[in-house]
Amino acid sequence: MASRPKPAADTASIRQATRADLLAIYRIEKQVFDQPWPYAAFEGLLDAPAFLVAEATVSDGPTVDPAASSYTDGSGILGYVVADRTPNHGRDIGHIKDFAVRPDAQRDGLGRRLLRQALQRLARVGASVVKLEVRASNRKAQRLYDSEGFEPVRKEPSYYGDGEAAYVMALDLG
């Protein structure tokens, strides 16, 4: 079996997630996180203003899709971001709820592109500040968020089900 060449982040398209994407999103979630969200959580957020997927198309024929452990026609979901907006007295708050890139597509700038697209969408729907939570041990994600202007606001002890703390980070879009 041929393996999929590493997808190029700059050629992936980013679009709103659809119901047809949910299984691929859930597979990535299970690959990336030790405590994955349930499938139903993604279903419930399909209408979120910034539930985006990055999709690549490999033009050199059928390959093996590591996320699906099966053959595919060459197209596939490489990553996703789930973000919504909450009204807040004229200073609406965007919240990046979940964000992941398939392991074979990491370290190519795709996560940064997804994050920036989500921030643009949140700004368009009126969010003036965006927050997120990140595991205290996830230094790679913290570096990405820091490089995009997020600042740590506070540390939430025992935030995750396994007892790990989270940093709450925020970005002022104004």
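Visitor: Which residues form one aromatic cluster with W37?

Guide: The cluster holds W37, F42, F51 and Y80. Keep in mind that this is a predicted model.

Visitor: How many aromatic pairs does the count come to?

Guide: The count comes to seven aromatic pairs.

Visitor: What describes a pair of aromatic rings?

Guide: Two things describe it: the distance of the centres and the angle of the planes. Take Y26 and Y39. Their ring centres are 5.8 Å apart and their planes meet at 85°, so this pair is edge-to-face. The step rests on a cut-off: planes over 60 degrees apart count as edge-to-face.

Visitor: Which parts does the pair of Y26 and Y39 tie together?

Guide: Y26 belongs to helix α1, residues 22-32, and Y39 to helix α2, residues 39-44. The pair therefore links parts that lie 13 residues apart in sequence.

Visitor: What is the relative accessibility of Y26, and how does Y26 count?

Guide: Y26 has 21% relative accessibility and counts as partly exposed. The reasoning needs the limits: buried means under 20%, exposed over 50%. Y39 has a relative accessible area of 29%, so Y39 is partly exposed.

Visitor: What kind of aromatic pair do Y159 and Y160 form?

Guide: Y159 and Y160 form an edge-to-face pair, with 4.9 Å from centre to centre and 80° between the planes. Y159 is partly exposed, at a relative accessible area of 40%.

Visitor: Where does the charged end of R135 sit?

Guide: Look at the ring of Y160. The charged end of R135 sits over that ring, 4.2 Å from its centre.

Visitor: Which elements give two or more residues to the lining of the largest pocket?

Guide: Helix α1 does, and so do β6 (92-101), α3 (110-124), β7 (127-135) and α4 (139-147). β6 gives the most, with seven residues.

Visitor: Now single residues. Is Q142 buried or exposed?

Guide: Q142 is buried, because its relative accessible area is 14% and buried means under 20%. Q142 is found in helix α4.

Visitor: Which residues does Q142 touch, not counting those up to four places away in sequence?

Guide: On that count, Q142 touches V134, R135, A136, S137, Y167 and M169.

Visitor: How far apart are A123 and G94 in sequence and in space?

Guide: In sequence, A123 and G94 are 29 residues apart. In space, they are 8.2 Å apart, C-alpha to C-alpha. A123 lies in helix α3. With a relative accessible area of 40%, A123 is partly exposed.

Visitor: Now the whole protein. How many helices and strands are there?

Guide: The protein has four helices and nine strands. Along the sequence, the pattern reads β-α-α-β-β-β-β-β-α-β-α-β-β.

Visitor: What share of the residues is buried?

Guide: Of the 174 residues in the protein, 43% are buried.

Visitor: What share of contacts joins residues at least 24 apart?

Guide: Take contacts between residues at least 6 apart in sequence: 68% of these join residues at least 24 apart.

Note on methods
Residues are numbered from 1 along each chain as its sequence is written. This is a predicted model: local features need pLDDT of at least 70, side-chain atom pairs count only at pLDDT 80 or more; totals for chains, interfaces and linings use all residues. Side-chain values use heavy atoms; hydrogens and water are left out. Rings of Phe, Tyr and Trp (its six-membered ring) pair if their centres lie within 6.5 Å; planes under 30 degrees apart count as stacked, over 60 as edge-to-face and the rest as tilted. Buried means under 20% relative accessible area, exposed over 50%, partly exposed in between (1.4 Å probe, protein chains only). A charge sits over a ring if NZ of Lys or CZ of Arg is within 6 Å of the ring centre and within 35 degrees of the ring normal. Contact means heavy atoms within 4.5 Å.
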